[in-house]
Amino acid sequence: MTETAPAAAPRATASTFTTYSPATGERLAEYPAHGPEDVARAVARARTTQAGWAALSASRRRELLLRWKKALADDLDTVARTIARETGKPAGDAALEVVLTLEHLAWAARNAPRVLGRRRVRTGLFTVHQRASLVHRPLGVVGVIGPWNYPLYTPMGSIGYALAAGNAVVFKPSELTPGTGVLLAELFDSAAPEHAGLLATVTGAAATGDALARSGVDKVAFTGSPGTARKVMAVCAETLTPFLAECGGKDAVIVTADADLDAAADAIVWGALSNAGQTCAGVERVYAMREVHEELCARVVEKAAALRTGAGADAVYGPMTLPGQVAVVERHVSGAVAAGGRALLGGPDAVRAPYVAPVVLTEVPEDAPAMTEETFGPVVTVNAVACVDEAVERANASRYALGAAVFCGSGRTGAAIAARLRAGAVSVNSVLGFAAVPALPFGGSKDSGFGRIHGEEGLRAFTSVQSVTVQRFAPAVALTSFAVPAATRERAVRLARALHRRR
């Protein structure tokens, strides 16, 4: 996720700020710029409400979360319209974002009791008199700092799972998309009025996020740039507040010589250009075997050139949501061409703020910013490689390690290649296939961050583990007592040694 100071960022007074359409520049709404005292009140209320939420049975929490899911589904058009107005993405894309969110919320609500319930653990030879178990307990209040590119789907990977685990949440949406966050909390309150305030939204820019990180929440889940993540993490470190970070990627696609090139090209174009390329796990680099490189490039160009972009109803993607990101895209494309790369489609002249037409590059040096930095725009580079080993090496050379994809004639071979990639999630013969599977954890490493959302790991990420032993009967030899004779202790040691010397 790239964050750059926008050229026309929301304008703030001492206590409010105004949002504007990234497509037209028209004024959308005004929101409070919440300060430390406002954030502290939201956290305090959430903490009070959380006690009652955690005391509910798992089945009752599931029922209320599914009621909230229904409210989101009932108001899907309103939610999607809010997302589209704030981000500039087409209405269909916004609606799809809501649908994916509903899938994840349903999974978290229905699976939390099973995943987080008390679990028996086997004991050993010398602890046979103990009954052991572990339980996942809610952390308390989780602070979530969300992004603007997917202002519902991405933060709900933390919000929905944290609530399902028994926590309260204070959510700070991007200052570009506050309306989506406000609506989300309002719908929760209407669905579960007896727990109003359990999900609170605070609005504002960086200062509000800083206040949330300093507010005494029990964990912070952040989505944004690596640079901002380091700043928030430093604040959390002052109080040893746990921190989860998803910081974007530079995702690669490997295309083998026996791949279905038409399917690969179709997926690459969608993965690179959907949402104007503003997708953390979107396609930015492609490594194709040399014998199919030219043909793949031709198919990618043909499919990308046929797309309609801009403000029309038939546009497949809209403007750059963050105005300042246009300059990043222009710098990467111009730099790639200046370094010897070729623009097969588009080029520097494709950048016409606030829109960027599709750009397809090739022969771009691996050390060019277009290959090393997150572009976060509708740009894809398709480079040729001699073999799969070279493709894997180049894909893994990035300082990011979030997602990846492999297109291969054999699913088994594709899975073997996937196992060699350092990415946190890999799709074989599709792109972003993992994003629509709620049971799969999502997250990366290196500059892509750490920790996981979604799936069982995502539920457990918002809990603390408590281990419990209950003595069932008095042991024949109480080794944890000063009353045990030395000779008895020595016999126990000899017995243990003899047992463990066996293979």
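In what order do the seven strands of the open sheet run, and is the pairing parallel, antiparallel or mixed?

A: This is a predicted model, in which local features need pLDDT of at least 70 and side-chain atom pairs count only at pLDDT 80 or more, while totals for chains, interfaces and linings use all residues. Residues are numbered from 1 along each chain as its sequence is written, and side-chain values use heavy atoms, with hydrogens and water left out.

The open sheet has seven strands in the order 13-16-17-12-11-19-20, with mixed pairing. Strands (E, at least two residues) and helices (H or I, at least four residues) are DSSP runs, numbered from the N terminus; two strands pair if DSSP finds at least two bridges between them. Strand 13 (342-345) and strand 20 (425-428) form the edges, each with a single partner strand, so one side of each has no neighbour in the sheet. From one strand to the next, the twist averages 25 degrees.

Within this sheet, strand 11 (residues 251-255) and strand 12 (residues 283-289) run parallel and are joined by five bridges. Val255 is placed opposite Ala288 in strand 12.

Helix 13 (residues 388-396) lies across strand 11, strand 12 and strand 17 (379-385), where contact means heavy atoms within 4.5 Å. Helix 13 runs at about 160 degrees to strand 12; axes are lines fitted to C-alpha atoms, for helices over the stretch in contact, and angles run from 0 to 180 degrees between N-to-C directions.
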